[in-house]
Amino acid sequence: MFAAAALVLGGVFGSAMAQGLSFRHTVTGEDLKVLEKAPEEGRDTEAVKHFLETGQNLYTEQKACLKAGEEAYLVGCSGCHGHVAEGKLGPGLNDDYWTYPKNKTDKGLFETIFGGAQGMMGPHAHTPLDEQLRLIAWIRHLYAEADPSEAGWLSDEQKANYKPFDIKEHEALGEKAFEGECKVSAN
Ligand code: HEC
């Protein structure tokens with residue numbers, strides 16, 4: 001049974017299945033069975049394949065890729081976490097304090113979103129994986145600490161160019177905030 005499933009999925013996920021990171025529920029530690037549960041749509045993008053192998057999100061600070069992430073955030077998360085992730089019913093996601101310290105990593109943040117945490121923080125396993133990565137990149141873009149030294153999801157170059165998120169500036173830019181073509185590559 002498992003072998004058959006691995007064969008089918010292996011076709012799509014070749015190397016991810018082989019080296020596969022294991023994704024665990026943030027509270028219970030259970031295997032999240034990402035490849036079984038995630039929708040077919042949006043599984044085989046470059047960014048998803050790279051993420052499943054490495055836990056690194058290629059969409060981070062790729063502004064032309066973030067519009068769908070902002071939309072997903074506003075539809076699914078801002079009601080509880082606030083417009084700029086400042087915190088509301090759920091905790092703030094734009095600062096250095098994390099109830100679950102693993103959310104400092106993109107792999108940890110993905111696990112919390114995919115599998116949920118406690119109480120009202122339900123699972124989001126039905127959201128296409130590619131959209132989840134854009135959503136994660138958007139949450140990281142909302143980061144508003146003055147100093148990016150704790151922002152482990154940024155490369156050294158991204159840290160050097162870092163500016164805390166400013167909603168007024170973002171709104172003034174309008175569509176320009178996402179100008180250009182969304183292109184990512186692993187190197
Ligand atoms: C119905 C309200 C609600 C919605 C909708 C919701 N959350 Fe949450 N979220 C919460 C609550 C409440 C907690 C605290 C749960 C806990 O501590 O286990 C939480 C916790 C979290 C955490 C852990 C934060 C930490 O400090 O470690 C993350 C990350 C998170 N949510 C992301 C999201 C994202 C992304 C979305 C949208 C896809 C979302 N949430 C949608 C209510 C919500």
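α6 and α7 pack at about 115 degrees, their axes 11 Å apart. Here axes are lines fitted to C-alpha atoms, for helices over the stretch in contact, and angles run from 0 to 180 degrees between N-to-C directions. Helices are DSSP runs (H or I, at least four residues), numbered from the N terminus. The crossing of α6 past α7 is right-handed; that is, the near helix is turned clockwise from the far one by less than a right angle. D106, L109, F110, I113 and F114 of α6 touch Q132, I136 and I139 of α7, contact meaning C-beta atoms, placed from the backbone, within 7 Å.

This is a predicted model: local features need pLDDT of at least 70, side-chain atom pairs count only at pLDDT 80 or more, and totals for chains, interfaces and linings use all residues. Residues are numbered from 1 along each chain as its sequence is written.

Now turn to α4 (residues 67–76). It packs on α7 (residues 129–141) at about 85 degrees, with axes 7 Å apart. That makes the two helices roughly perpendicular (65 to 115 degrees). From α4 come A68, G69, E70, A72 and Y73; from α7 come E131, R134, L135, A137, W138 and I139. By class, this contact has seven nonpolar, one polar and three charged residues.

What surrounds the ligand? The shell has 13 nonpolar, ten polar and no charged residues. Asp, Glu, Lys and Arg count as charged; Ala, Val, Leu, Ile, Met, Phe, Trp, Tyr, Cys and Pro as nonpolar; the others, Gly among them, as polar. Of the 23 residues around the ligand, C77, C80, G90, A117 and Q118 come nearest. A residue is near if its C-beta atom, placed from the backbone, lies within 6 Å. α5 (78–81) and α6 (106–115) each supply at least two residues of this shell.

How values were computed. Parallel < 35°, antiparallel > 145°, perpendicular 65-115°, else oblique. Contact = placed C-beta atoms within 7 Å.
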